[in-house]
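I opened this entry to keep track of what I looked up in the structure.

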Amino acid sequence: MTVKGIDVSSYQSATFSTSGLDFVFVKATEGTSYVNPKMRDQVAHARAAGLVVGSYHFLRPGSMTAQAAYFVEKCASVEGDPLFADWEDPGVSCADKDRFLAEVKRLRGKTHRVGLYCNLDYWTRRDTTSNAGDALWIADYVTAGKPRISAAWTFHQHADRPLDTNVGKFANRAALRAWATKSSSGSTGGSTSSSGSKTTTYKVKSGDTLSGIATKFGTTVAKLSKANGISNPNRIYAGQTLNIVK
């Protein structure tokens, strides 16, 4: 089962329809000089409808530390709102993306989920670390819930007309809210992989190896690599969240 949502920016009205929706992700900031002028009204509109609200920052070349600070200062988030990096600018490297995620997690990780939005090309061709923080929000305009990636995903943007339309891999809105507020330990409220295998999550510790993690959870390196989009099993890092598929 999935939940439904949209994402909005200044191009959309502050009084968009909330019928049939469970969540709304609102553009907050871009670089270190832009704030969405409709952000607060859009967020208030979504909250009034009882939806789960998230915020995202459009990454631009420059200091990732400064952009992370700008984002968390300006976005209209409250504790438990997911926060996302929007990685679309070709001038922003994979290392830049990872630095931004790490800094937002340092600043807000205790009270917020921190994730990554990008399209299919960026995830499969530009990304080299398989790092999406707490959640991968993937854009791929195909059947809802069936993005063309092997890595585990949490949100799927499957259409961009008339609005950016998404699904989330949660049983219902309550499960999504529990995940967002960290009152649920599961990454997707009891998700399953495309093969139907049950998944959980594990945060990599210093000294961990993928083979050691596989042994610990009774699975295989091949399954972990496929579930997390890892092309090089020797490249995992402390703090990385892995989806464990058995």
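**Domains.** I started with the spacing: the C-alpha centres of domain 1 and domain 2 lie 25 Å apart. The assignment puts domain 1 at 3-181 and domain 2 at 201-243. These bounds come from an automatic or database domain assignment. I then looked up the contacts between the two, where contact means heavy atoms within 4.5 Å. On each side 10 residues take part: 10 of domain 1 are in contact with 10 of domain 2.

**Ground rules.** I am working with a predicted model, in which local features need pLDDT of at least 70 and side-chain atom pairs count only at pLDDT 80 or more, while totals for chains, interfaces and linings use all residues. Residues are numbered from 1 along each chain as its sequence is written, and side-chain values use heavy atoms, with hydrogens and water left out.

**Second largest pocket.** I looked up its volume, which is about 380 Å³. Of its 21 lining residues, D7, S9, Y56, E88 and D164 are the closest to the centre. Two or more lining residues come from each of β1 (3-8), β2 (23-30), β4 (52-58), β6 (114-119) and β7 (136-139). I sorted the lining by type and got 10 nonpolar, four polar and seven charged residues.

My terms here need their cut-offs. A pocket is an open set of points on a 1 Å grid over the protein atoms alone, where a 1.4 Å probe fits, with protein on both sides within 12 Å along at least five of seven lines; lining residues have an atom within 4 Å of a point. The volume is the space filled by probe spheres set on the points, which are joined across faces, edges and corners. Nonpolar covers Ala, Val, Leu, Ile, Met, Phe, Trp, Tyr, Cys and Pro; charged covers Asp, Glu, Lys and Arg; the others, Gly among them, are polar. Helices (H or I, at least four residues) and strands (E, at least two) are DSSP runs, numbered from the N terminus.

**Helix α5.** I asked which residues of α5 (residues 173-180) are buried. They are A175, L176, A178, W179 and A180. Buried means under 20% relative accessible area, with a 1.4 Å probe and protein chains only. These buried residues pack against β1, β2, β4 and β8 (155-159). At the N-terminal end, N172 is the cap: a side-chain oxygen lies 3.2 Å from the backbone nitrogen of A174. After α5 comes K182, with a positive phi near 65°.

**C118.** I found C118 in strand β6. C118 counts as buried because its relative accessibility is 0%. Leaving out residues up to four places away in sequence, C118 touches W87, W123, L136, W137, I138 and A139. K205 is 87 residues from C118 in sequence and 26 Å away, C-alpha to C-alpha.

**H57.** Strand β4 holds H57. Is H57 buried or exposed? H57 is buried, because its relative accessible area is 0%. Its side chain makes a polar contact of 2.6 Å with that of T29. For a polar contact I need N or O atoms within 3.5 Å, one able to donate a hydrogen and the other to accept it; residues adjacent in sequence count only if both atoms are side-chain atoms. Beyond four places in sequence, the residues that H57 touches include Q67, F71, F84 and F100.

**F16.** The loop between β1 and β2 is where I found F16. F16 counts as buried because its relative accessibility is 7%. Its contacts, neighbours within four places set aside, are I6, V8, V24, Q42, H45 and A46. From F16 to Q42 the chain runs 26 residues, and their C-alpha atoms are separated by 8.0 Å.

**D96.** Helix α3 (residues 94-108) contains D96. D96 is buried, because its relative accessible area is 13%. A polar contact of 2.5 Å joins its side chain to that of R99. Outside four places in sequence, D96 touches M64 and G91.

**Backbone checks.** Most residues other than glycine have a negative phi, and most peptide bonds are trans. I noted S130, not a glycine, with a positive phi of about 55°. S130 sits in the loop between α4 (120-126) and β7. S130 is buried, because its relative accessible area is 12%. I also noted that the peptide bond from R161 to P162 is cis, with omega near 0°. P162 is in the loop between β8 and β9 (164-168).

Definitions and conventions
Buried means under 20% relative accessible area, exposed over 50%, partly exposed in between (1.4 Å probe, protein chains only).
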